[in-house]
Each structure stands twice: as structure tokens, then as C-alpha cells.
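Welcome, and please open your viewer. We will go from stop to stop, selecting a few residues each time and looking at what surrounds them.

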Amino acid sequence: MKKIKQCPICKSKKQNTFLKSRDYSVSKKDFTIVKCIDCKFLFTNPRPEERDMGDYYISDNYISHTNNKKGLFNYLYQIVRKHAIVTKTKLLINTSATRNHLDIGCGTGEFINSCVKRNINCIGIEPSRIAREKAINNYKLNVKADTDLNQFKNNSFDSVSMWHVLEHIYDINNTISCLKNIIREEGTLIVAVPNHKSLDAKIYKKYWAAWDLPIHLNHFSPLTINRLLKNHGFKLEKKIGMKFDAFYVALLSNEYKSGNKQFIKAFTIGILSNLSAILGFSQYSSTIYIFSNKK
Ligand SMILES: [Zn+2]
């Protein structure tokens with residue numbers, strides 16, 4: 001385990017314990033989230049060493065890498081997933097006149113496959129061997145195992161996406177400064193992350209599935225992600241709520257809390273979370289941020 005002394009966003013050394021929770025899905029170990037007193041950024045601290053993190057990923061719940069399971073939950077999950085891919089593709093096309101796109105953490109490749117069909121040149125990065133091989137074998141995609149962004153030349157991409165990836169990254173400043181170099185001037189960076197300012201986070205507290213300890217190291221709010229990206233010269237252009245995430249997170253949170261997914265309760269909380277976000281009382285369970293690169 002490694003203790004972080006300085007806030008990764010504002011470098012402050014002042015931090016409080018924010019929440020004690022658990023890895024409910026794999027190790028059942030306890031972890032702590034701290035809050036930077038100065039900029040309010042939440043991060044998992046202490047955190048497992050990077051070389052040990054693989055031990056926390058082996059889980060049946062981690063179904064983003066598989067698409068052949070049975071049951072109502074997985075049936076619904078696949079429908080939502082297909083819808084999400086269409087929505088994400090349209091979002092990319094509408095926000096960026098992109099010819100060259102990089103998707104970091106592309107999983108089994110459905111999103112970039114959808115972009116390739118729209119005549120966008122796409123490269124994916126996926127460290128999981130099983131997911132990567134599916135992407136390559138099923139769709140003949142260009143997917144790299146190497147996560148080091150220095151493998152790409154400066155200004156290689158018009159756009160880069162990270163769908164639920166930045167919360168997993170150890171050195172967020174190094175990643176963002178590499179992105180700064182490989183995205184062309186006025187190019188687009190799309191980042192989707194969970195939002196702990198959502199109603200579902202407030203309801204479930206330590207059971208909120210999107211804390212996802214310890215594999216989520218960084219827990220962003222709109223304020224803290226904007227500050228991080230602004231530090232590196234990115235400008236926030238747009239913020240979009242992800243309406244399906246509240247339902248998925250509520251199902252998993254119910255399971256962590258009671259051992260049962262409780263579909264009706266999860267559906268109700270999903271509706272309430274979205275309503276609360278629409279009315280401005282809280283925010284969506286997950287948020288997509290669109291940044292432009294100012295050089
Ligand atoms: Zn801070």
C-alpha cells in the first residue's frame with residue numbers, strides 16, 4: 001500500500017478522512033477515501049501499489065469485458081450498452097470534426113468499431129488481454145496493449161476518449177500532460193467519470209458502487225475534474241449527464257448493501273437520481289465532460 005502525501009490536483013498536504021468503505025466485489029478489504037482540504041478532491045489513500053492492482057480486478061461484476069452472460073440483469077445491461085455505443089458515437093461526431101481518434105481503455109472494442117464504420121480512423125488502448133483479443137478478433141481493430149501515451153507523436157489525434165478510465169489512473173497529471181501533447185490544438189478530449197455529487201451517491205453512502213474501491217483511485221466532481229484539466233490548459237466546453245448509470249450503480253449498490261440487486265428499489269432510485277439531476281438538486285450519477293485543447 002502506498003500513502004499519497006500531496007493532493008494530485010492542488011499539491012496541498014492537508015487532507016481529511018472522507019469515507020471508509022470496502023472492496024465489496026473482490027478482496028472484501030477495507031479502504032479509505034480522503035478529501036483535500038484545499039481543493040475538495042477525493043482520492044483513495046492509501047492505495048495498493050500499481051503492480052498489485054491486478055489482484056483487485058478479477059470479478060464477475062466486472063462485466064464490461066465480457067458480453068456472453070445470461071440473466072435479466074445482463075440482458076438489460078447489453079441493451080443499454082448498445083444504446084450507449086450509438087449515443088457515444090453521435091456525441092463524438094457532433095462535438096469534433098475528427099478523422100483520427102484514440103480510445104483509451106477500449107475494452108472489447110464496440111465503441112471504436114462503431115466509429116470506424118463512420119469512417120473515423122481509430123486506435124484503441126486496452127491493457128486487459130482477454131478484452132483486447134476480442135476487439136482484434138471480432139472487429140479487426142487496431143488495439144494496443146501498451147498504455148504509455150508517449151508511443152504516439154505530438155498532435156497525432158483530433159480527439160481522444162476515456163470512458164470511465166480516468167478514475168482508475170495512478171498518475172493523472174502525467175496522463176493529462178501526455179494527452180495535451182498527442183491531441184492537436186483545438187482538438188477534443190472526452191472524459192466520462194462517476195460523479196459523487198449525485199443523489200445515488202448520497203443515498204448509498206459507503207455502499208455506493210461507483211466508489212469501486214480500490215480500483216477507483218480518483219473520485220471526481222465537476223469542480224475537481226475541471227480544475228485538473230484547466231491546470232493542463234484544457235477548456236471545459238460541455239457537460240452531459242449519463243442517465244443510465246444511476247440504474248446500474250443502484251443495482252450493484254443494493255447488492256453490496258443487502259446481497260440482492262432489488263430491481264424495483266434500484267429502478268426507483270435510478271429515477272429519483274435522474275429527476276433530482278434534471279431539477280438541479282444534485283447531479284447525474286456519471287458525467288461526460290468535453291474539453292478542448294488550448295495550446
Ligand atoms: Zn487539492
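## First stop: Ser12

Select Ser12, which sits in the segment before β1 (15-22). Helices (H or I, at least four residues) and strands (E, at least two) here are DSSP runs, numbered from the N terminus. Residues are numbered from 1 along each chain as its sequence is written. This is a predicted model, where local features need pLDDT of at least 70, side-chain atom pairs count only at pLDDT 80 or more, and totals for chains, interfaces and linings use all residues.

(Buried takes 20 or more other C-beta atoms within 10 Å of the residue's own, exposed 12 or fewer, and partly exposed is in between, with C-beta atoms placed from the backbone.)

Leaving aside neighbours within four places in sequence, Ser12 is in contact with Gln6, Cys7, Cys36, Ile37, Asp38 and Cys39. Contact means that two C-beta atoms, placed from the backbone, lie within 7 Å.

## Second stop: α1 and α2

Next, select helix α1 (residues 72-95) and helix α2 (residues 110-117), whose axes come within 9 Å and cross at roughly 50°. Axes are lines fitted to C-alpha atoms, for helices over the stretch in contact, and angles run from 0 to 180 degrees between N-to-C directions. To see where they meet, show Ile85, Lys88, Thr89 and Leu92 in α1 with Glu110, Phe111, Ser114 and Cys115 in α2. The residues of this contact divide into 4 nonpolar, 2 polar and 2 charged. (Ala, Val, Leu, Ile, Met, Phe, Trp, Tyr, Cys and Pro count as nonpolar, Asp, Glu, Lys and Arg as charged, and the others, Gly among them, as polar.)

Which residues of helix α4 (residues 172-182) are buried? They are Ile172, Ile176 and Leu179. These residues cover an arc of only 55° around the axis, so they are on the same side of α4. The arc is that of the directions from the helix axis to the C-beta atoms. For their cover, show β7 (157-163), β8 (183-194), β9 (218-219) and α6 (222-231), which are included in it.

## Last stop: Ser282

Finally, pick Ser282, in the loop between α8 (263-278) and β11 (286-293). Ser282 is partly exposed, with 19 other C-beta atoms within 10 Å.
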